Amino acid sequence: MKKLFLAAAALSMIGGTQAQPLPGLPQWLDTAVFYQIYPASFKDTDSDGIGDLGGIISKLDYIRSVGANAIWMSPVFCSEFRDGGYDVTDFYAVAPRYGTNAQLVELVRKAHDKGMKVCLDLVAGHTSDKHPWFLQSMQAGTDLHYSDYYIWTDSRETLPPGSYYVKSDAPRDGNYLKNFFDCQPALNYGFARPNPDNPWEQPVDAPGPQAVRRELKNIIAFWMDKGVDGFRVDMAHSLIKNDPGHIETRRLWHEMREWFGSRYPEGVLISEWSRPEEAIPAGFHIDFMMHFGVPGFPSLFFNKEGVEIKQDTCYFQTLGGGQIREFVENYRCQREKTLGLGHIALPTANHDCQRLSCGDRTDPRQLKVAMTFLLTMPGVPFVYYGDEIGMRYLPDWPEKEGSIMGRNANRSGSRTPMQWTAGPTAGFSDGDSASLYLPLDPDPLRPTVAAQEDDPVSLLNYVRGLLALRKQSPALATRGDWQMISDIDRPYPMVYERSAGSERYVVAVNPAGRSVEALLPASGAAQVRYVYGTGDKGVHYKTGRNGDRIKLGPVSAAVFRLVR
């Protein structure tokens, strides 16, 4: 722990000002595996076609059986649902369609009884335009309690060109700044560099921005005091405006982490930032390297049927024409800058992007290869609900609750109901199939938990086996060392080593539809054992004085244990 504090102190120069060392990392993160749930689509227990907290409670044992011991739920708060719950109307109350505050507390208690953690989704940067705070800020009087919780220009005639300001006909004489959609007015955390020509741009230490910071702490404390284990923070980088390099935003989160860590030392903060080198020293315990917004990651998984980012060739594709250089170089850089301070997460997918099973990557063997990579890398794993059984991303699915994010970017294809069993509602609901939150995958051979539960070669059981191996092997776990040992300019196969003390593993993945081989540095291993993978047929690992050689068959993955 002493080394951790020293490392934190060395990296806590936020914007040139010496900051206090951050509190340490909760030990439970060393073995954490998160399972992300989109609540509306997971399990419906009141037959209205929408998932609910009761459904999540009923499936806690299943989630644990997958190998996960922590849950992150997309927002469950009161909302107009014009952006899937990310337009909040009350941060202190559960949306009636999901249940009650008491049910959320029950979920947390029952999860804890099973040794599981529960994290909520915190939309810190904006509210719904129907939130009572915003409705008051729309009033003509600008000295009301919530008048400065939002950012309003000084006149309706003022509409900065090409900006995120939304023209308003409210009683207040001004236009407001949005954070994403028009229905999501930005909360006012201030401007890092207020423009003197824009008198409405308040500095970060003005009364309005400071009141919003206090409100954010109140929201966090309200739920943490009810037993919640932490938060994933939506758009965490977006709070302070006109903030080049996110300097003031990092100061804000550093302040939050000091307060949070002193009050809730076992709590965690997870950021949607996608720049671990910024987010983690600023105060987050975990930051995602997302499928978009991160150099190199889209080149691994995005294909021509993806959400927003579309490309003809990616690495995890049988064509075998992808590249890994950009990802490896960026990952190596981010890891070096955050080691010991926090964890990088490589999620299988999430509610905003395509699933692993997408386009021409739908065969279970292909998905096993991708899962081998994602679940044997360092950091904290995040499995998106349904990815463990190979649920498909469904392009051109019906728009639902703001799922259209931009041109040709419909997120509803990744938010379809969980496929538990066969039947017209796939075991998601006892209601009528026409009432479901979104239509199901129409494929009569769609994957289900029931079909895969007792199949020893199913994707579900492959994922279970990977996570069990990870749990029992320090080298493959969150803090194990990592190094790429294959030539990144000869990307098939991709081979890396995981180690901890004397324990060493080599992981090799080949998504291509052809046999491949690689020459590796000499390992000096006296024995190499194949311990996990898609099958040992066509797999060869040969040690040598001048180098080791590995060969993999088409669309395959292998984990080897090296013994000196």
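Over the ring of which residue does the charged end of Arg97 sit? Select Arg97 and Phe81: the charged end of Arg97 lies over the Phe81 ring, 3.5 Å from its centre. A charge sits over a ring if NZ of Lys or CZ of Arg is within 6 Å of the ring centre and within 35 degrees of the ring normal.

This is a predicted model, in which local features need pLDDT of at least 70, side-chain atom pairs count only at pLDDT 80 or more, and totals for chains, interfaces and linings use all residues. Residues are numbered from 1 along each chain as its sequence is written, and side-chain values use heavy atoms, with hydrogens and water left out.

Next, the aromatic pairs. Rings of Phe, Tyr and Trp (its six-membered ring) pair if their centres lie within 6.5 Å; planes under 30 degrees apart count as stacked, over 60 as edge-to-face and the rest as tilted. The count is 42 aromatic pairs.

Select Phe42 and Tyr385, an edge-to-face pair with 6.3 Å between centres and 90° between planes. Phe42 is in the loop between β3 (34–37) and α2 (53–58) and Tyr385 in the loop between β14 (382–384) and β15 (404–406), so the pair ties together parts 343 residues apart in sequence. Helices (H or I, at least four residues) and strands (E, at least two) are DSSP runs, numbered from the N terminus. Both Phe42 and Tyr385 are buried (under 20% relative accessible area, 1.4 Å probe, protein chains only).

Move to Trp133 and Tyr146, a stacked pair: 5.7 Å centre to centre, 20° between the planes.

Finally, select Arg514, whose charged end sits over the ring of Tyr492, 5.4 Å from its centre. Tyr492 belongs to one aromatic cluster with residues including Phe301, Tyr315 and Trp482.

Methods:
Buried means under 20% relative accessible area, exposed over 50%, partly exposed in between (1.4 Å probe, protein chains only).
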